[in-house]
Amino acid sequence: MIQSETLELLEWSRLCQHLATFAATKLGAFAACYLHPPATQPESLDLLAQTKEAYQLETSLDTGLTFDGIQDIGESLDRSELQGILSGEELLAIATTLAGVRRLRRFIEDQEDVPILKELVADSRTYPELEQEIHRCIDDRGDVADRATPKLAGIRTQMKSLRDRIYEILQGIVQRKGGALQQQLITQRGDRFVLPVKAPQKDSIPGIVHDTSSTGATLYVEPKAIVSLGNQLRTRRRQEQVESEAVRRALTEQVAAVKPDLERLLVVATTLDLATAKARYSLWLEANPPRFIDRNQNESITLRQLRHPLLVWQQKHEQGTSVVPIDVQIQSYIRVVAITGPNTGGKTVTLKTFGLAALMAKAGLFVPAREPVELPWFDQILADIGDEQSIEQSLSTFSGHIRRISRIIEAITTSEEELQVGRELQVGRLKVVREQPANIQPANIQPANLKQPSTPNSSLVLLDEVGAGTDPAEGSALAIALLKYLANTTQLTIATTHYGELKALKYQDERFENSSVEFDDQTLSPTYRLLWGIPGRSNALSIARRLGLNPSVVDQAQTLLGGASEDVNEVIAGLEAQRRTQETKAQEANQLLQQAESLHQELSERAKLLQERERELKLSQERSVQDAIAQAKKEIAQVIRQLQQGSQTAQNAQKATNALKEIAQRQIPAAPPPKPKPGFRPKVGDRIRIPRLNQTAEILSAADNGELTVRFGLMKMTVALTDVESLDGQKPENVLKTPSKPAPAPTPVSRPATAVRTSKNTIDIRGSRVANAEIDIDQAISKAIDFGVLWIIHGKGTGRLRQGVHAFLEQHPLVERFKLAEQSEGGTGVTVAYLK
């Protein structure tokens, strides 16, 4: 009884009505309206798992679960079992329900990560053959279709023929004797076709009068010409009814044969609809899934930004005021919380909010609080809230509270006795098992037959204005005794009070905690915020002073109250101010933390973006290189094909060589010049290298103008300091620079002023053909490019070889000019080519 009273006091039925609005079927709405929290924690966990999976489907999919076609067919199933004949509409409802549940089952089976819902629909049989048979025999209007049986189709064909014959005869009478009719129309009275005949002219149309108008001026006559046809039509109609009833009876018998499976389908559909309604309601509430904790494992109750669900509904649907959330943080060792503060401060709403949160978690609903949502599973939630004063029962306010508290203690005691009996049975079973042989199991004591005891101290008790309604001294003493008793017998008790003596319990017993509702002294109104660790202070005198009560009266009251109370209020006020300061600092720190997290996230995203760009650039470069290589290979292949297809002359070979060099220069990026190695200072006697001559020389002397006299082999020559390097590749320092006199700009000397003829820049092609000579000359030019000049010995002879050489040199890209050699160097038998 006290459990039902608690649900009523916490307004659980209103929350269930709100939940029902999110159901898609009548069955789901009915189940939501009469939702009761389960009796065991495993049941709550199963319900919560269903809600989580339905919530996942609602948030991850566009449509979520659909329940189209599913109807309440429970009464129809019961009547079919009693051999009643179902109507066409009822049979259609069964068919659409089968189809709707089948769609649900297939939809759930196609989803991932919903094992609980899949298990729920796994064994559901939807009987598609029964659904098809119903749709074959019953049309969309709920009537038996002609295709149901051949006999029914034949009867209806005969009825149509009779009806057409009757209309034909009546149309003829209307045309011949229209003056005797009140209206030229054909109507029906019952199942007979009649004409509206004027009363004075009834003899002009003989027949049977089936009805008259209210004034008696019109008689509804069935002409004798169609009486026989009407009788036949009535007979066929009766035959049709008998045949239709036979079809519906056969379908009803098929439904009755599978009634248990269809009832299970209804249970599955209702369970799915209820889980979906819970998920949608939780989504609408912006709620989060709870986690049941074990306070014996030092886990604390955590409910941050907890909101009252009924106030949220009122705010959104009834344009109520905004809901002020509360924070609930209760350590594992706390057994009693005393909430103090002024009236209308929100103490009772706090009790109801916490009580509803515990009930919602038990029933598989999400809790309207910020994650994480952590609270125990309470096997009993017992409340004494409000005034149970009754004139009829001669109950005062105090008596009403005591009666209800007595029922609460009785429920707790009963739970404790069940626990003790369970323990004794468990101990007895263990003793019997020890005394039995190893291969014998006692038959009269089985684990499944034992009633599992409830968890110790697993009840939640909510007391509003504990000890109120009587003498304050006695009331406070009773309240202290009651709270100490509850601290020993329940898991958690939350009580509101105005008694100052209860505030001191925290400092006598660590299982007690103080809390208070905040009150704004400036506006003389509550803020509805819940403050933990600080007892509420009395505001009666300050409120009276601000509301304009005579100051002398307030001062006299303060004197009678004593200074100790004022000191306590000042201490409490100081604690509240200190708490507000700490909260402000915490908010500022939280803002800084959020800014830092935001900045860190932004930097991480930028770094990720840069890495992505670098990767894309690298890939782009690799693709460009691959494209360039592919293009170069294509062009080289084309050059080779042209060379192979054309005449293989030296000129064509030279063109091919030039084309390949052009491709190489275009596709292969120029290598950066090697960095000079500083620190080399040439001295007389050092061995140096002249890169442009590809010769190694010895320094004979150094002049002040930056030139060196060197010797290599039998030759001596003067070279610029910039044209030499050490044997290991170091460039020389300009030792001739002085800070007072700027050094003159060096004149680049690419080649020696006097060409020197050696074996490396001389080629002898005498006796060669022009084509072969061109190839040899091209190779010699490449080798002699550093010398700047090439001596080509071709001989005098007929002059054809000389002409071919000159023609080749004219079009060669590396030849600047050429001439016949001096007479001393060979005359017309030698050509000197000057290279670029």
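Is Cys-16 buried or exposed? In this predicted model, Cys-16 is buried, with a relative accessible area of 1%.

## Cysteines

A search of the whole structure finds zero disulfides. A disulfide is a covalent bond between the sulfur atoms of two cysteines. For Cys-16, the closest cysteine sulfur belongs to Cys-33 and lies 7.5 Å away, which is too far for a bond, because a disulfide requires the two sulfur atoms to be within 2.5 Å. Cys-33 is likewise in no disulfide, its nearest cysteine sulfur being that of Cys-16.

## Burial of strand 4

Strand 4 covers residues 218-223, and six of its six residues are buried, so the strand is largely enclosed by the rest of the structure. Thr-218, Tyr-220 and Glu-222 point one way from the strand, while Leu-219, Val-221 and Pro-223 point the other way, and the residues of both sets are buried.

## Partners of strand 4

Strand 2, which spans residues 192-198, pairs with strand 4 in the antiparallel sense over four bridges, and within strand 2 and strand 4 Val-197 stands opposite Leu-219.

Strand 3, made of residues 207-212, also runs antiparallel to strand 4 and is joined to it by five bridges, with Asp-211 standing opposite Tyr-220 of strand 4. Strand 3 and strand 4 form a hairpin with five residues between them, and in the turn Gly-216 has a positive phi of about 80°.

Notes: Residues are numbered from 1 along each chain as its sequence is written. This is a predicted model: local features need pLDDT of at least 70, side-chain atom pairs count only at pLDDT 80 or more; totals for chains, interfaces and linings use all residues. Side-chain values use heavy atoms; hydrogens and water are left out. Buried means under 20% relative accessible area, exposed over 50%, partly exposed in between (1.4 Å probe, protein chains only). Helices (H or I, at least four residues) and strands (E, at least two) are DSSP runs, numbered from the N terminus. Two strands pair if DSSP finds at least two bridges between them.
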